[in-house]
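Subject: Structure handover

Hi,

Here is the structure I promised to pass on.

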Amino acid sequence: MNNINFDDDNFFSHFGEIMGEAMEQRLENSPYFIGMMSGTSLDGLDAVLCQFYDTGEIEILDSISTPFPDDLRDALLALSTPNGVDEFIHANQLAFVSELDVFGWASVFYAEFASGVIHALLNQALLTPSDINAIGCHGQTVRHRPHWHFSLQLLDPNVLAERTGISVVSDFRRRDMAVGGQGAPLVPAFHEAIFGKQSIGAVLNLGGIANLTILGETVLGFDTGSANLLMDAWCERHTGARFDKNGAWARSGSVIAPLLNQLLTHSFFAKDLPKSTGREEFNLAWLDAQLEIFNRQFNQTVQAADIQATLAELVAVSVAKHLHPFAVKKTLVVCGGGALNDYLMARLQANLTDWQINSSQAFGILPTLVESMAFAWLARQTIIGETGNLPAVTGANKKVVLGTVCFA
């Protein structure tokens, strides 16, 4: 066997060529990627089967959306809520003794559940695991602390790769954070890829958190605050329903202007870019504290539906305030579960009167599938060795290839 001289620059050049050929061969073998996403709303796991074409176009061939089992959802909610795990362990009389126990158990449970979703999707599409190049699985964010330079996405990719027989790309955020970024938002690069050539000024994702992508010569992106997160939690507490369908309950109430103004004093809204947020800053404990302050100041009884209407207005107003300084092409595409909330969409239009607002459905993509599609795209970027972050968005000091790969 010939000795390999690792100090020889030719070695690295040759190695790069070999890896490039291997990546090209993988793409020739399969243009199919699966993207999986579960957001801060915790309503379930969405998966899309995408085909990528040499022209740069992407097509969704099939999709599936599956609610989380109650015990997994409860664990994810507890883990993503500061100091929420002790109550979860006590309420369920579990043998876990720490937050790490719950995190480890839920990581495996999430992967097992995700593998079942993958097999169901493949059965629908009449494909086998060997037809798929890779799965891009975001996992569940349970803690996002950009000021401490970390973000945790819960998932055991080893289990997912083993159960499906498909390579898994995951852990997308931490490489961006390693080069000074916030690791979020990551979807603006994808928004640029699919919407950038059209006459669209901005893309708004209304998941648990709201985030904006500003399309222009320099693409910008940032979180604007809570979207469905607070509305869903308030709705479940008072009605038992996990979300306010079509915003009907919010529509039955009236906006409480003084409370809205108070909520808008949250420090996140005034932060400079880049910025991202999550349940760490917007949660029921924060809302309860704000309501207590409001009640002491105004000493008046308010209806739960009025608070729901105020929370919806908080979303619309905070989005509009963040969007106005960047307005060029006044066409806004809305995706995420919030795009299905008729009342919220109406409030957005009322606060953005000179904007044309459309659901992503008008561009051929279901609103609830855009983020899953993004992680299929990001997985492909990883597999072919292309960068996936935008420094102007995340604050990173350079572009990098995102994610780690667990080969099947």
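First, the ground rules. This is a predicted model, where local features need pLDDT of at least 70 and side-chain atom pairs count only at pLDDT 80 or more, while totals for chains, interfaces and linings use all residues. Numbering starts from 1 along each chain as its sequence is written, and side-chain values use heavy atoms, with hydrogens and water left out.

**Helix pairs**

Helices here are DSSP runs (H or I, at least four residues), and strands are E runs of at least two, numbered from the N terminus. Helix α2 (residues 70-80) packs on helix α4 (residues 99-125) at about 135 degrees, with the axes 10 Å apart. (Axes are lines fitted to C-alpha atoms over the stretch in contact, and angles run from 0 to 180 degrees between N-to-C directions.) That makes α2 oblique to α4; under 35 degrees would count as roughly parallel, over 145 as roughly antiparallel and 65 to 115 as roughly perpendicular, with the rest oblique. Contact means heavy atoms within 4.5 Å, and α2 brings D71, L72, A75, L76 and L79 to it, while residues of α4 include W105, F109 and F113. By class, that contact has eleven nonpolar, no polar and two charged residues. (Ala, Val, Leu, Ile, Met, Phe, Trp, Tyr, Cys and Pro count as nonpolar, Asp, Glu, Lys and Arg as charged, and the others, Gly among them, as polar.)

Helix α12 (residues 304-323) and helix α13 (residues 342-351) pack at about 45 degrees, axes 9 Å apart, which makes α12 oblique to α13. From α13, Y343, L344, R347, L348 and N351 meet α12 residues including A309, E313 and V317. The class count is ten nonpolar, one polar and two charged.

**Cavity and pocket**

On a 1 Å grid over the protein atoms alone, a cavity is a set of points where a 1.4 Å probe fits but cannot get out; a pocket is an open set with protein on both sides within 12 Å along at least five of seven lines, and lining residues have an atom within 4 Å of a point. Grid points are joined across faces, edges and corners, and a volume is the space filled by probe spheres set on the points.

The whole structure has one cavity of 30 Å³ or more. The lining of the largest cavity includes P185, N389 and T394, with six nonpolar, three polar and no charged residues.

The second largest pocket comes to about 330 Å³. Of its 16 lining residues, G56, E57, I58, A193 and I194 are the closest to its centre. The largest share of that lining, four residues, comes from α7.

Cheers
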